[in-house]
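Hi there,

Here is the structure I promised to pass on. My notes on it follow below, and I hope they are handy for your own work.

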Amino acid sequence: MENIVLHVNDVHKSFAGLHALSDIDLAVREGETHAIIGPNGAGKSTLLNVCIGRLKPDSGSVVFDGVTLTGKKPYEINQLGVARVFQTPEVFPDLTALDNVMVPALAKRDGSFKMSVIKRLSREKGLRAQAEHMLEDLGMADQMQQIASEMSRGNKRRLELAMSLIQKPRLLLLDEPTAGMARHDTNATIDLLKKIKEGGMTKVIIEHDMHVVFSLADRISVLAGGRIIAQGTPDEIKNNPKVKEAYLGEEQV
Amino acid sequence: MNQGSLTKDIILFVIFAGLVIAAPVLLTPLGAGYPDLLQKFAIFGIFAIGFNILFGLTGYLSFGHAAFLGVGSYASVWMFKLLSMNVIPAVIFSVIVAGIFALLIGFITLRRSGIYFSILTLAFAQMSYNLAYSVLTPITNGETGLQVRQLAPSDRAADYVLNLRDEDLRILDQAFGVVEQGIPITNLFGIKMSGYPGFYFCAVLLIIAFGLSILIARSNFGMMLKAIKSNQNRLNYTGVNTRPYLITAFVISGMYAGLAGSLLAVTDPLAGAERMQWTASGEVVLMTILGGAGTLIGPVLGATLIKYFENIFSAINDNVLQGFYSFLPDSLNEIAVAVSGMFVGKGWHLTLGLLFMVIVVFLPGGLMQGFQLIANRFKRKKKTDSTQHSKQAAE
């Protein structure tokens, strides 16, 4: 039997009486790419925020690799091996691309806090080589010294991906990784994510774009009205009448 | 602040040290070549460098840094009163006390960020200021200020019936048999800390403080502080606990301020609560922004400029101006004196205010940004010149 990496158990979350999530049960297996899809307002982002510790669920729990994540601080969750890519690219706008990648690399190696006032960053040759390699891998060799705020949205997205990947997380959560991208950038991102997939990293993707979902996901959970209405392989989901209904509205008789 | 290679940093450090050591000669043409003022440049330079470690690197704007300056001064004067007129114990004790004080205040104020942090620090500093005048009078001697006094008669010292505010002990000095006549002067193992020796003592500490700030800015720790300034939220999701980083930066910065306060007491062994007032906190903010927040040299530059204005510009009076405009006919002379009189003498704040406005509006990166722009223009000119030359040569 395959290992379950992330276990969402019976999670409920409501905002001022509105049930954003109810009865959410989700099991993400090791090494798989699990997509969460659903129409706008279905609760996808809320679910992700519960997983990452930004929101506390009203009841239920999220367990990562035997450790309960609920109630933990964001940095603690990251130190356990969960990295997140945000919907709008979150980078360090004032730093160069290389420094943007060096910071998470340092956090991975040194833990959540380390006093190293005297050690020069420029002497971290090992980490620097890793960071450069990562940026080269993502096709950003020319932009290493560019300040992040001057980058295009697509490049910021790639940079953010590099920041997450340098930490070699056990679980990568991606919130609409291709939102707002042009078609050819989207395809490049798909290729990139496929490449990462070969590394065996477990991923949870939230995505609108069906093209992206069906080219990447091993399994799909469909969220509608705060509930999971279907779960299965891409083929099963494609032919599921409930899903069609959620997306296209009820069939007219 | 760019990454900067080790060699560049060393060159910067050596040039800085050279300039500071040569300051008495270099600043004489500007009328600032006397030790009392130079000492002030150095002391407020240290204060601003320390402030910049917090504000320049993390972006947290403290509006209460003068509290640490005041605490440093009080701690030093107490060392002068109790232990010795030697400055070493005073300086060390002040830095430690200011560090502990900063830890306490930082622990509370750093729960908030942005404007709330600024207001909390301001509140704490004003609280310290008012406490120094009221409840803490036994320690601060209230409005009179804490001063070095004559030794207590030995019989009373033995009985511990002392009024320590008015009578001193100087246990170490007594143990070493230092003879005192009248009220003693601060010294470094016998070298009196007035005039140029006093300046060079501050200068050496300024150079060390500057060197440390380079190390911090270039370190892994410094990179984390810059990341906090850039996007603290992202840093939390990157696995970094930002709070201890901020507290450490706050404490380091407070220790710098404590050192500066201690040196103020070394120059003049008197500590008063007005040193903690919010205007003093605001001054260091001005210094840092004027010179260039986040740059290495900027804060020192800003501190020097403001102290220069305060001491030199304010000393220019109508007589000096009349002399300056003496080449003009009498009627014009009067007008010129009246107009420029608004900007000098008591009006020096106006000049400073205008300068500050011009810099914040046109050069948000401070004077250092201005220098950078000039340097870049020169470089570009050179480049285009050389390409033109090579083109001509090719033709």
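In this predicted model, 37 residues of chain A are in contact with 30 residues of chain B, contact being heavy atoms within 4.5 Å. Together the two chains bury about 3000 Å², with 60% of that on carbon and sulfur atoms; buried area is the accessible area (1.4 Å probe) lost when two parts are put together, summed over both.

The rule finds 2 salt bridges across the interface, taking a side-chain nitrogen of Lys or Arg within 4 Å of a carboxyl oxygen of Asp or Glu. One of them joins B:Arg234 to A:Glu160 at 3.7 Å, N to O. On the chain A side, helices H2 (74-79), H3 (97-110) and H5 (153-165) each supply at least two residues that touch chain B, and H3(A) gives the most, with 7 residues. Helices here are DSSP runs (H or I, at least four residues), numbered from the N terminus.

A:Ser152 lies in the loop between helix H4 (125-137) and H5 of chain A.

On conventions, residues are numbered from 1 along each chain as its sequence is written, and chains are lettered from A and ligands numbered from 1 in the order written. Local features need pLDDT of at least 70 and side-chain atom pairs 80 or more, while totals for chains, interfaces and linings use all residues; side-chain values use heavy atoms, without hydrogens and water.

Best wishes
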